[in-house]
Amino acid sequence: MCGIVGFTGKQEAAPLLLDGLKKLEYRGYDSAGVAVVGQNGIQMIKTSGMIQNLCEKTQNGSLLQGFAGIGHTRWATHGAPTDVNAHPHMSNDGKFAIVHNGIIENFALLREELKQKGFVFLSETDTEVIVHLLTLYYHGDFKEAMMKTVARLEGSYAIGAVCADCPDRIFAARQFSPLILGVGIGENYFASDVTALVSHTKNVIYLEDGELAELTPGDIYLYSSTGKPIHREPTRILWDMEAAEKGGYEHFMLKEIMEQPRALKATIEPRIQNNRVVLEELEIAEETLKSVNRILITACGSAYYAGQAGKYVLEALTHIPVTTELASELRYSNPIVDEHTLLIVLSQSGETADTISALKEVKARGAKVLAIVNVVGSTIAKLADSVIYTWAGPEIAVATTKGYTTQVSVLYLFAVYCAQILQTATPQELDQMIQQILLIPQMIQRAIDLNPQIPYLAKRYHHNQSLFFIGRNVDYAVAMEGSLKLKEISYLHSEAYAAGELKHGTIALIDKDRLVVALACQEQLFDKMMSNIKEVKARGAKVLGVVPEDMRQILAEADDVLFVPKLSPMFGVPAEIVPLQLFAYYVAKENGCSIDKPRNLAKSVTVE
Ligand code: F6R
């Protein structure tokens, strides 16, 4: 949701903090600020708007002097995105400044208590209680004040703090919100995610829930919630700088679309050995899998649509009923599950609050949990019984692309793996399936190469104020993701419908001002889709067809066409979504939208 950074070392902190915030801007970008501690106490500058505003207001950091500091980029929850509500927040006596990501659930009670003790609140945020608690509990020992403060907090937090009395020291604490420590030479860092750290160090320590970290230029000390010292060796991260930079592309989103052949190759190939799917990381025993009688998939947004797409294949290959549920609904639905249920949780970030809650709810009722996650060491990865990582690399654009396609491909691998164990497919069928899965990266590249016309189509259709995406069966799942992609980055109204449902009401909205994107990628349903296309054409709509390259009959009805390669009937989704990702991208570009950071959104939704 928000991004936080911290630095302590032997160089000016402010430019480094600003640089880290730029890397985290995708997590939230409505206001930002930095606080630096030097010999003259704490200096703080904050502002509404993007990091660029903060760079201007601080003259690229040169207005703040000191070798330790903290920074924050915000996605507003409590209080509007104003200068005053931006983080850091400073104590009334100017001794402490803090940044916070998460939500303090008991802030109202704490606020009242602190007001009665004479503390003056300047902002509308839940965060400000933390800095006043620090003042309340400080009697010359920064660590003790931190421990007593976090003991009073309920909810989720990643906190960074500085104290004017300790100009070389920064503190961090976490509870249900990511925080990673970067281990440098003569300098140390913390950040909400590794993208802000990779240009400085690849050695990181993942802070666990309830822990506190004290960072000086030369050392990092970890403590439990009771103050007991903890030793943890750093982990080496595999992502490099290039992965977190735009690499010549105008936007991260375009770069990430183009990276998909590589990301899918990295996700798929190591898991296929001697023509079998081998999931070495899977910590769910074969016997347990054999006892499963229900598979439940849960996630939010695009990850949920990945689950919708994967459901068809999982069901076909396991012969076990599969349902896909929105995590925000599942968590309150009193789900009927037991130890024979397998819950599959999909999440790029591994930090989505609703997904975490649904996971906990279902796990507590005895289900086994398999997480399919991109961010190593994330909360969901830790809570699950087993994790299969999508090796997509860092995804920076808020709208997911490679996150989604790698999630779908892991569901494919898992489905085939189950078919191997459950013997629900013949050896020949399994061989063929594995060959088709291995072809996915190539298919994605072909889907990119087949559609050089997309920027021109975007020019033709970007004025359209309302669109419908229709499809049947797995094409319907892809239509939902294509529609979400378009609306979130271009701000056009768009809805996805099962093609057969249109005539049960929604067709009333179809007229000459609508564009209908019709996905007809399944041979057995092609004629049905042609009928639906005729229905909407007869009401004046324009039709943009999406079809395999050999199904050119659609040209008789559609106004324009996006082509996909001739797809494997089962494993076609990752290639099928690509032209729709590109269409959304170019329409948003035509409309002059903020593509990587769409309005009102944030990359990792760590609040309910
Ligand atoms: C849309 C998008 C979101 C996420 C959703 C879940 O482009 O990115 O809908 O898919 O917020 O996020 P993760 O996968 O991080 O749990």
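Predicted model: local features only at pLDDT ≥ 70, side-chain atom pairs only at ≥ 80, totals over all residues.
**Stop 1: the ligand**

Now look at oxygen atoms of the ligand. One lies 2.6 Å from a polar side-chain atom of Ser-347. For Thr-352, a polar side-chain atom is 2.5 Å from an oxygen atom of the ligand. Glu-488 has an N or O atom in its side chain at 2.5 Å from a ligand oxygen atom. On its own the ligand has 410 Å² of accessible area, and the protein covers 90% of that.

**Stop 2: Glu-315**

Stay with helix H9 and select Glu-315, which is found in it. Is Glu-315 buried, partly exposed or exposed? Its relative accessible area is 29%, so it counts as partly exposed. Next, show Ile-320, Pro-321 and Val-322, which Glu-315 contacts when neighbours within four places in sequence are left aside. Zoom in on Val-322: its backbone nitrogen lies 2.6 Å from a polar atom of the Glu-315 side chain. For a sense of scale, draw a distance from the C-alpha atom of Glu-315 to that of Ala-584; the two are 269 residues apart along the chain and separated by 30 Å.

**Stop 3: Ser-409**

Go to helix H13 (residues 402-422) and select Ser-409. This residue has 0% relative accessibility and therefore counts as buried. A polar atom of the Ser-409 side chain is 2.9 Å from the backbone oxygen of Thr-406. Beyond residues up to four places away in sequence, Ser-409 touches Leu-264, Thr-267 and Ile-268.

**Stop 4: helix H5**

Select residues 142-151, which form helix H5, and highlight Phe-142, Ala-145, Met-146, Thr-149 and Val-150, which are buried. These residues are on the same side of H5, because they cover an arc of only 120 degrees around the axis. An α-helix has 3.6 residues a turn, so residues three or four places apart point the same way.

What do the buried residues of H5 pack against? Show H4 together with strand S6 (96-104), strand S7 (155-163), strand S8 (170-175) and strand S12 (212-215): these are the elements they pack against. Then move to the N-terminal end of the helix, which Asp-141 caps. A side-chain oxygen of Asp-141 lies 3.1 Å from the backbone nitrogen of Lys-143.

**Stop 5: Asp-126**

Finish in the loop between helix H3 (107-116) and helix H4 (128-137), where Asp-126 lies. Asp-126 counts as buried because its relative accessibility is 2%. Which residues does Asp-126 contact, leaving aside its neighbours within four places in sequence? Select His-78, His-100, Gly-102, Ile-103, Ile-104 and Phe-107 to see them. Last, pick Glu-105: between Asp-126 and Glu-105 there is a separation of 21 residues in sequence, and their C-alpha atoms are 8.0 Å apart.

Methods: Residues numbered from 1 in each chain as written. Heavy atoms only, no water. Helix = DSSP H or I, 4+ residues; strand = E, 2+ residues; numbered from the N terminus. Buried < 20%, exposed > 50% of the residue type's maximum accessible area, 1.4 Å probe, protein only. Contact = heavy atoms within 4.5 Å. Polar contact = N/O pair within 3.5 Å; in protein donor to acceptor, adjacent residues only side chain to side chain. Areas by Shrake-Rupley, 256 points an atom, 1.4 Å probe, with all protein chains shown as cover. Arc of directions from axis to C-beta.
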